[in-house]
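Please keep the 3D view open as you read.

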Amino acid sequence: MKKYLTLNLIFYCLLLASAACSAEAEADLFAQLLQEGGLEFKQPLAFKTLLVEDDYLLPYEKRLLSADGKLEVRYAIRPLERIEIDYDDPHNSAPAPNDLFEMLFRSISEAMATDSHPISQAYLPADAKKEFNAGWASIAVFDIRNETSTRFNQAMLVAIHQNDKADAYTLFLTNDLSQEKSRISALKNSLKFKVFENPINQPADK
C-alpha cells in the first residue's frame, strides 16, 4: 500500500507492505516501523489503544486515548529508506531524504492548522539529543482542522529526525492544551530514537 502526502512539489511516500485493518495488524506495522527507524516507544499508562483512522494530512500508525477521554495521542513513523520523492523541477536535482525534515514539519503543521502560521519552536541541538536522541526536533502548537479531528480543536505536534534513520511525529489532540500541559510534557518523548548516531548535516561514516 502507498500513502501520499502532497507537499508542494514533493510526494512523501510511505511504502507499506499491506494496509493495517485490525488492531493486530496495526501493532505489527508499528513495531516494524519502530525497528526500521531505530526508534523506541514507551506505552503510557492509563491510555487505551484505538484503531487508526484515515487522515490524509498526517497518516499515522498508532493512536491512544486517555482514560478520561481528554487527550488523544497519535504516532507517525517515516523510515527514510521508505521515502520516494517525485520532484518536478528540471532545473534542480531532487532533495535527499535527510534534507526534508524541516520542510515536511512546516508543511504538515501548516496544512493541519486552521491558521496558516502555527506557533513553532525548534529545540537546540543539545536538547534534541538529550530529549529524543535526535539530531533535530521541533514543536508546533495550533488549532486543528476538522479533517484531523471533530472531537478535539487544539493540537501540539512534536517532530524528530535523525539522519539515515527516520522522521517521526507525535501529535497531541485536546480541547485545552494549557490544562493538559503536564500530561503532554510527560509523554512528548514516549517516541524517541534508541541511540544518538547521526547528527543532521553530518553523514554517517561508511
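## Charged pairs

Please bear in mind that this is a predicted model. Over the whole structure, the search turns up 10 salt bridges.

| Salt bridge | N to O distance |
|---|---|
| Glu36 and Arg82 | 2.6 Å |
| Arg183 and Glu180 | 2.8 Å |
| Lys165 and Glu197 | 3.3 Å |

Let us take Glu36 and Arg82, which form a salt bridge with their closest N and O atoms 2.6 Å apart. This pair ties together distant parts of the chain, 46 residues apart: Glu36 lies in helix H1 (residues 23-37), and Arg82 in the loop between strand S6 (72-79) and helix H2 (101-112). Are the two partners buried or exposed, or something in between? Glu36 has a relative accessible area of 35%, so it is partly exposed. Arg82 has a relative accessibility of 8% and therefore counts as buried, the cut-off being under 20%.

The salt bridge between Lys165 and Glu197 has an N to O distance of 3.3 Å. Lys165 is partly exposed at 23% relative accessibility, and Glu197 is partly exposed at 42%.

In the pair at 2.8 Å, Arg183 meets Glu180. Arg183 is partly exposed, with a relative accessible area of 26%, whereas Glu180 is buried at 5%. Elsewhere, salt bridges with shared partners join Glu53, Asp55, Arg63, Glu72 and Arg74 into one network.

## Aromatic rings

Turning to the rings, the whole structure holds six aromatic pairs. Why is the pair of Phe41 and Tyr75 described as edge-to-face? The ring centres are 4.9 Å apart and the planes stand at 75 degrees, so the pair falls in that class, which takes angles over 60 degrees. Phe41 sits in strand S3 (residues 39-41) and Tyr75 in strand S6, so named positions 34 residues apart are brought together in a pair linking distant parts of the chain. Tyr75 is buried, with 0% relative accessibility.

Another edge-to-face pair is made by Tyr123 and Phe132, at 5.3 Å centre to centre and 85 degrees between the planes. Both of these residues are buried. Ring pairs also gather Phe30, Phe41 and Tyr75 into a cluster.

How many residues of strand S5 (residues 62-66) are buried? The count is five of five, and the strand is mostly covered. From S5, Lys62, Leu64 and Ser66 point one way, Arg63 and Leu65 point the other way, and all are buried.

With strand S4 (residues 47-50), S5 pairs in the antiparallel sense over four bridges, and Leu64 in S5 stands opposite Thr49. S5 and S6 also run antiparallel and are joined by four bridges. The hairpin of S5 and S6 has five residues between the strands, and there Gly69 takes a positive phi near 75 degrees.

## Helix H2

H2 consists of 12 residues and spans 16 Å from its first C-alpha to its last, close to the 16 Å expected at 1.5 Å a residue. Which of its residues are buried? They are Phe101, Met103, Leu104, Phe105, Ser107, Ile108, Ser109 and Met112.

## Val141 and its surroundings

Our last stop is Val141, found in strand S8 (residues 136-143). Its relative accessibility is 32%, so Val141 counts as partly exposed. What does Val141 contact, leaving aside its neighbours within four places in sequence? The contacts are Pro118, Ile119, Ala155, Met156 and Leu177. Pro118 is 23 residues from Val141 in sequence, yet the C-alpha atoms of the two are 6.1 Å apart in space.

Key. Residues are numbered from 1 along each chain as its sequence is written. This is a predicted model: local features need pLDDT of at least 70, side-chain atom pairs count only at pLDDT 80 or more; totals for chains, interfaces and linings use all residues. Side-chain values use heavy atoms; hydrogens and water are left out. A salt bridge is a side-chain nitrogen of Lys or Arg within 4 Å of a carboxyl oxygen of Asp or Glu. Helices (H or I, at least four residues) and strands (E, at least two) are DSSP runs, numbered from the N terminus. Buried means under 20% relative accessible area, exposed over 50%, partly exposed in between (1.4 Å probe, protein chains only). Rings of Phe, Tyr and Trp (its six-membered ring) pair if their centres lie within 6.5 Å; planes under 30 degrees apart count as stacked, over 60 as edge-to-face and the rest as tilted. Contact means heavy atoms within 4.5 Å. The expected span of a helix is 1.5 Å times one less than its number of residues. Two strands pair if DSSP finds at least two bridges between them.
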